[in-house]
Amino acid sequence: NKVTYFDLSQQEGSGDIGLMMQLLFSEVYQVAKETDEKVIFVIDEAHYLMKDAETLDFLETAVRHSRHLDLSINFVTQTIQEFFSHEKSKAIAQNCSLKLFQRTESGISDEIAKTLDLNPSEVEYIRNAQAGSEELGYSEALLSVGSKGYVPIQVVASELEESIIDYKNTNPETTDT
């Protein structure tokens, strides 16, 4: 498959999500080791994983080891304050060679801006970035590439990304909300 989707929404708040993520990542890591193709592992609502020190230890190791494979780990969250709720999450963010910030209305605290090396104008850009819309055809974001600094970009979904965005669950035993 080009895309495998795991819905962990039923695990939210159960305390088992860290263990579940370790099992999933182990499987993804094995696939990455056995294929010549690039593997992208996207963790949506990543702030749920940033609350447990044991999970953070595992994720920090996973991020460092992913560099040895063609494995990209993407942490996605709409609640940046919760993402940085634990000191170890800062080390994970600092180990990420690419950082992409789209519009956030809640803002970015001075402490998080310092951790991410964001200056006041970059923080303001993120706060006011244009959210994506079908009419516009893109969204605005601020991209950091390694130590090169931040640059404003326009994000346009590829055909594969659009099919994921437009995905409708066809399993009659589950429901979309």
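Tutor: Let us begin with H2 and helix H4 (residues 87–95), whose axes come within 9 Å and cross at roughly 15 degrees. The axes are lines fitted to C-alpha atoms over the stretch in contact, and angles run from 0 to 180 degrees between N-to-C directions; helices (H or I, at least four residues) and strands (E, at least two) are DSSP runs, numbered from the N terminus. The model is predicted: local features need pLDDT of at least 70 and side-chain atom pairs count only at pLDDT 80 or more, while totals for chains, interfaces and linings use all residues. Residues are numbered from 1 along each chain as its sequence is written, and side-chain values use heavy atoms, with hydrogens and water left out.

Student: Why are H2 and H4 called roughly parallel?

Tutor: Angles under 35 degrees count as roughly parallel, over 145 as roughly antiparallel, 65 to 115 as roughly perpendicular and the rest as oblique. The axes of H2 and H4 cross at roughly 15 degrees, and these helices are therefore roughly parallel to each other.

Student: Which residues of H2 and H4 meet, and what is their make-up by class?

Tutor: Contact means heavy atoms within 4.5 Å, and by that rule the residues of H2 that meet H4 include Leu56, Leu59 and Val63, while Ala91 and Ile92 are among those on the H4 side. By class, this contact has 6 nonpolar, 2 polar and 4 charged residues, where Ala, Val, Leu, Ile, Met, Phe, Trp, Tyr, Cys and Pro count as nonpolar, Asp, Glu, Lys and Arg as charged, and the others, Gly among them, as polar.

Student: What makes H1 roughly parallel to H2?

Tutor: Helix H1 (residues 17–34) and helix H2 (residues 53–66) pack at an angle of about 15 degrees, with their axes 10 Å apart, and that makes H1 roughly parallel to H2. Phe25 and Tyr29 are among the H1 residues in this contact, and Phe58 and His65 among those of H2.

Student: Why is the pair of Phe25 and Phe41 called tilted?

Tutor: Rings of Phe, Tyr and Trp (its six-membered ring) pair if their centres lie within 6.5 Å, and planes under 30 degrees apart count as stacked, over 60 as edge-to-face and the rest as tilted. By this rule the count comes to 6 aromatic pairs. Phe25 and Phe41 stand at 5.7 Å centre to centre with 45 degrees between the planes, which is a tilted pair. The pair links distant parts of the chain, with Phe25 in helix H1 and Phe41 in strand E1 (residues 39–43), 16 residues apart.

Student: How do you know which strands stand at the edges of the sheet?

Tutor: Two strands pair if DSSP finds at least two bridges between them, and 6 bridges join strand E4 (residues 139–145) to E5, which run antiparallel. The open sheet has 3 strands in the order E3-E4-E5. Strand E3 (98–102) and strand E5 (150–155) each have a single partner strand, so one side of each is left without a neighbour in the sheet.
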